[in-house]
Amino acid sequence: MHTEPGPDGQHRCWWCLSTPQYIAYHDDDWGYPVGEDQRLFEKLTLEAFQSGLSWRTILEKRDTFRLAFAGFDAQKVAAFDEGDVERLLQDKGIVRHRGKIEATINNARRLLELQATGTSFAAYVWGYEPSEAPTPGIASSPASVAMSKDLKKRGWKFVGPTTVYAFMQAIGMVNDHLPACAHHAKAEAARASFERPTA
């Protein structure tokens with residue numbers, strides 16, 4: 001785990017330097033707090049699709065994923081049927097994995113069930129925010145294990161502890177920018193000013 005200088009000379013987390021798109025994702029998106037249900041659903045879904053693949057593959061397809069899954073509007077995705085599954089299996093712009101496609105539709109329905117109880121997905125997710133700073137390089141944590149276990153209990157699919165931890169990193173629940181990364185302090189400041197959703 002190390003940093004390397006980017007095209008502008010700034011040191012960044014080593015994994016992001018392969019493409020300008022990857023650098024932009026690292027600088028402006030990854031590790032910054034997210035509090036909207038729709039964006040959270042997108043991020044968890046894409047982390048599930050990433051399982052077994054590189055994140056770069058998913059990032060390059062992200063815009064097509066958004067088109068394919070109705071902007072990750074849970075109401076719309078929850079209404080998808082077998083015809084939509086077959087349509088998505090023919091879409092070369094996404095990862096054509098039946099299990100993950102069906103899991104996304106299932107998870108949209110589970111998200112609506114959660115919202116129907118009067119709790120936002122954001123409040124649910126941020127309720128698992130750990131009190132301690134992350135250990136660099138870990139693939140899961142006690143918090144991700146606990147969230148994964150509860151999501152599975154609620155009927156969610158493709159939400160193992162590693163996927164959930166990657167989701168926690170992506171939404172800024174933990175700041176896993178390396179301390180020497182030029183964006184560590186920026187992400188930490190965003191976390192400090194972020195108003196945690198409670199309802």
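In this predicted model, helix H8 comprises the twelve residues 142-153, and at 1.5 Å a residue the helix should span 16 Å. The buried residues of H8 are Ala 143, Ser 144, Met 147, Ser 148 and Leu 151. These residues cover an arc of only 130° around the axis and therefore lie on the same side of H8. An α-helix has 3.6 residues a turn, so residues three or four places apart point the same way. The face of H8 turned away from the buried side carries Pro 142, Lys 149 and Lys 153, which are exposed. On the buried side, the packing partners are helix H7 (121-126) and helix H9 (161-170). Just after H8, a positive phi of about 100° is found at Gly 155.

The largest pocket has a volume of about 800 Å³. Its lining consists of 37 residues, and those nearest the centre of the pocket are Trp 30, Ile 138, Tyr 165, Gln 169 and Asp 176. Helix H1 (20-28), H2, H9 and helix H10 (184-193) are the elements that each give two or more residues to this lining. H9 provides the largest share, with five residues; H9 is also one of the helices against which the buried residues of H8 pack. By class, the lining of the largest pocket has 20 nonpolar, twelve polar and five charged residues.

The second largest pocket has a volume of about 160 Å³. Residues lining this pocket include Pro 130, Ser 131, Glu 132, Ala 133, Pro 134 and Thr 135, together with Ser 141 and Val 174. Pro 142 and Ala 143 also belong to the lining of the second largest pocket; in H8, Pro 142 is exposed, whereas Ala 143 is buried. Ile 138 and Tyr 165 line the second largest pocket and are among the residues nearest the centre of the largest pocket. The lining of the second largest pocket divides into eight nonpolar, three polar and one charged residue.

The model also contains one cavity of 30 Å³ or more. The volume of the largest cavity is about 70 Å³. Phe 41, Leu 44, Thr 45, Ala 48, Lys 100, Ala 103, Thr 104, Asn 107, Trp 156, Lys 157, Phe 158 and Val 159 form its lining. Helix H2 (37-50) and helix H6 (98-116) are the elements that give two or more residues to this lining. Seven of the lining residues are nonpolar, three are polar and two are charged.

Methods. Residues numbered from 1 in each chain as written. Predicted model: local features only at pLDDT ≥ 70, side-chain atom pairs only at ≥ 80, totals over all residues. Heavy atoms only, no water. 1 Å grid on protein atoms, 1.4 Å probe; cavity = no way out; pocket = protein on both sides within 12 Å on 5 of 7 lines; lining within 4 Å. Points joined across faces, edges and corners; volume = space filled by probe spheres on them. Helix = DSSP H or I, 4+ residues; strand = E, 2+ residues; numbered from the N terminus. Nonpolar A, V, L, I, M, F, W, Y, C, P; charged D, E, K, R; others polar. Expected span 1.5 Å × (residues − 1). Buried < 20%, exposed > 50% of the residue type's maximum accessible area, 1.4 Å probe, protein only. Arc of directions from axis to C-beta. Contact = heavy atoms within 4.5 Å.
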